[in-house]
Amino acid sequence: MKRIFIFLAAAAVSAPISAQTTVGSDHDLRGKIGQQIQDYGQVCAYCHTPHKATTKNVALWNRALTGLGPYTMYYPTTHAGQSATPQPASLACLSCHDGTVALDLIVNKPSGSGNSLGGKMTGSYVLSTDLSDDHPISVDYPNAPTDFNPSPVGPKLYSNKVECASCHNPHSSQYGSFLRMSNTGSALCLACHKK
Ligand code: HEC
Ligand code: HEC
Ligand code: HEC
Ligand code: HEC
């Protein structure tokens, strides 16, 4: 038993480093001076904090998720299964990608850092607060699906809802556009939709 454990531990340590890391990706915001982002020296700090996180709903989140929006959702408010507002998992992304909040405006700053530089996201990566032209989010995955695969493999559901990170993995540029899986041949879409 002990031998097996040691073998597994050694295998984990010697596993090759893959492109599955935030470091060096478009989400490595350290020193993006052109965008007026303070260099906190810590790649995770723009989104996560080890202590005093702002919400229990997104992994140790370091950005304010209150006071955002209001957002226009994809479906009318009467649509069954769609939350009235984006849920925390998606608000996390929107706290940069709606273009209204300074990118380096984090709650717990690494010691020794100065005030926020105030630069907001501009350009084609801004979704704005009008989400009616984006794939529905904070919407239930159908329970008795006819048009959907019962248990999608690849995408990730959050309390059975589709959120930004259902399709995206903010930590990996392995598949481009921070996608959770390849969308070659629309594979990502077809993981959920039967079309
Ligand atoms: C640009 C923002 C951003 C950065 C930078 C970032 N993360 Fe995340 N992280 C998120 C978001 C959003 C979630 C929640 C969505 C999800 O499930 O992936 C998350 C979730 C997580 C989770 C829990 C879910 C999982 O995938 O296991 C861990 C652990 C994590 N991050 C670790 C890290 C570490 C370590 C770093 C730095 C090397 C880092 N993150 C950098 C945005 C970020
Ligand atoms: C701390 C701010 C911040 C958060 C939080 C954040 N992003 Fe980003 N994201 C950025 C910035 C800045 C860029 C553009 C980087 C550049 O221009 O080089 C970007 C780029 C992207 C891109 C384009 C990458 C490409 O190569 O095409 C995608 C897709 C993306 N983000 C998705 C997400 C999703 C989904 C989430 C939540 C799970 C998220 N982001 C959370 C700041 C953030
Ligand atoms: C149903 C899947 C899905 C969901 C949900 C989703 N995205 Fe995307 N997103 C994609 C795909 C696929 C691409 C790549 C498009 C391409 O390559 O042309 C993309 C591209 C992007 C880009 C790059 C700019 C662009 O227009 O190509 C950003 C930024 C982005 N998504 C952010 C978000 C944010 C923020 C959310 C939540 C509000 C979100 N996405 C929800 C599938 C999704
Ligand atoms: C994680 C699962 C998932 C993935 C991946 C996914 N979708 Fe969806 N999609 C849904 C759900 C759930 C709905 C909302 C269904 C409802 O509430 O009626 C939806 C809604 C839609 C709609 C709106 C239909 C309408 O009634 O207006 C379109 C179009 C769509 N998806 C296309 C796509 C495309 C294109 C892709 C790939 C880029 C994709 N979806 C990826 C789950 C997914």
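This is a predicted model: local features need pLDDT of at least 70, side-chain atom pairs count only at pLDDT 80 or more; totals for chains, interfaces and linings use all residues.

Entry 1. I read 6 donor atoms around the iron atom of ligand 2, with angles of 85 to 179 degrees, and the site is octahedral. Two of the donors I traced to the protein: His27 (NE2) and His97 (NE2) coordinate this iron atom at 2.0 Å. I then placed the two residues in the chain: His27 belongs to the loop between helix 1 (2-13) and helix 2, while His97 is in helix 2, so the pair ties together parts that are 70 residues apart in sequence.

Entry 2. Buried would have required under 20%.

Entry 3. I turned to the iron atom of ligand 4. Which residues coordinate the iron atom of ligand 4? I noted His135 and His193, each through NE2, at 2.0 Å. His135 sits in the loop between helix 2 (88-97) and strand 1 (139-140), and His193 in the segment after helix 4 (187-192), so this pair ties together parts that are 58 residues apart in sequence. Around the iron atom of ligand 4 I again read 6 donor atoms; they subtend angles of 88 to 179 degrees, and the arrangement is therefore octahedral.

Entry 4. His135 is exposed, at a relative accessible area of 52%, where the cut-off for exposed is over 50%. His193 has a relative accessible area of 26% and is partly exposed.

Key
Residues are numbered from 1 along each chain as its sequence is written. Chains are lettered from A and ligands numbered from 1 in the order in which they are written. Side-chain values use heavy atoms; hydrogens and water are left out. Donors are N, O and S atoms within 2.8 Å of the metal (3.2 Å for Na, K and Ca); water is not among the atoms, so sites may look incomplete. Four donors count as tetrahedral if all angles lie between 85 and 135 degrees; four count as square planar and six as octahedral if opposite donors are over 155 degrees apart and all others between 65 and 115; anything else is irregular. Helices (H or I, at least four residues) and strands (E, at least two) are DSSP runs, numbered from the N terminus. Buried means under 20% relative accessible area, exposed over 50%, partly exposed in between (1.4 Å probe, protein chains only).
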